[in-house]
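Work through the exercises below with the sequence and the 3D structure in view. Each task is followed by its solution.

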Amino acid sequence: MTAPTTTLPSGDELPMVGVGTWDLGGDTVRDSVRAGLDAGYEHVDTAEGYANESEIGEVLAEYDREDVFLTSKVLPKHLNYDSVVDSCEASLDRLGTDYLDLYLVHWPNPAISLRETLDAMAKLHDEGLVRNVGVSNFSAYQLSCAHHVSDVPIAVNQIEYHPWNTQDDVVDYCRETDTVVEAAAPLGRTAVFEDDVIRDLAETYDRSPAQIVLRWAVENDVVVLPKSSSPDHVRANVDLFDWSLDEKDHARIDAIDRHNPVYDTPARDWTGDTYGISE
């Protein structure tokens, strides 16, 4: 089943469902991506920080590159100008491609100028290495700064988004600025499967809890990036578009937000491998 798309400022079409690959490696990520592409996914999301780009590149070599919308991300410790360029070129090499459909700043880094970062992203865009530029895990305030200083449109903000953490302020600002919202951890890393509302609706619709949650998100015009180590689950996670939630049932899910993030918390290890900020 092929997912519908949303249009980016460039005119490119971004599929509403993608294969998420965080925390997957080796044969597991190969099997997951291959299962997704064979099931009709046309969108794969990775990052240099996921340490799986080489494996994904091996799988992509089996398919027509133009049929896959490919996203990667640059680590926050690499956000100075030269490092952004070097990181992108290294990701392209590992992925075995000469361009990315979307390149994201993985996390904001307050120790490095955002203008410097986005100037490098503009260079990559102008040289054709990156077709669209975006950010990830940006607050509304940080996104407003990015829009202000970027020479190319900020097409996407990939954030933690699921029924227990809808980040309405960020989503509202994205809507105001025509920035597409992508859901990282759209299943709340499976925590939301235990919610009584999700369990009840799964039984009512004879669908998996994952399908209920993903259908709710795409009905909210949010692009979802579910990841699974199970090829069967990967295939099921795109089976979303020949059914829908009743309005009242959709509203029930809207009402269960607990403002409870599963990964985007204030705690940061500033000196670790992600940020690398010296004391």
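**Exercise 1.** Decide why the radius of gyration of the protein agrees with that of a compact globule.

Solution. The radius of gyration is taken over C-alpha atoms, and the globule rule is 2.2 Å times the number of residues to the power 0.38. For 279 residues the rule gives a value near 19 Å, and the protein has 18 Å, so the two agree. Along its principal axes the C-alpha trace spans about 55 × 40 × 35 Å.

This is a predicted model, in which local features need pLDDT of at least 70 and side-chain atom pairs count only at pLDDT 80 or more, while totals for chains, interfaces and linings use all residues. Residues are numbered from 1 along each chain as its sequence is written, and side-chain values use heavy atoms, with hydrogens and water left out.

**Exercise 2.** Find how many residues of helix H2 are buried, and what they pack against.

Solution. Helices (H or I, at least four residues) and strands (E, at least two) are DSSP runs, numbered from the N terminus. Buried means under 20% relative accessible area, exposed over 50%, and partly exposed in between (1.4 Å probe, protein chains only).

- Step 1: The buried residues are Glu53, Glu55, Ile56, Gly57, Val59 and Leu60.
- Step 2: They pack against helices H1 (26–39) and H3 (81–95) and strands S4 (43–45) and S5 (69–74), where contact means heavy atoms within 4.5 Å.

**Exercise 3.** Is Glu66 buried or exposed, and which residues does Glu66 touch?

Solution. 

- Step 1: Glu66 is found in the loop between H2 and S5.
- Step 2: Its relative accessible area is 52%, so Glu66 is exposed.
- Step 3: Leaving aside residues up to four places away in sequence, Glu66 touches Tyr99 and Arg131.
- Step 4: The side chains of Glu66 and Tyr99 are joined by a polar contact of 3.0 Å. A polar contact is a pair of N or O atoms within 3.5 Å; within protein, one must be able to donate a hydrogen and the other to accept it, and residues adjacent in sequence count only if both atoms are side-chain atoms.

**Exercise 4.** Is Asn220 buried or exposed, and which side chain forms a polar contact with that of Asn220?

Solution. 

- Step 1: Asn220 lies in the loop between helix H8 (209–219) and strand S10 (223–224).
- Step 2: Its relative accessibility is 18%, so Asn220 counts as buried.
- Step 3: The side chain of His250 makes a polar contact of 2.8 Å with that of Asn220.
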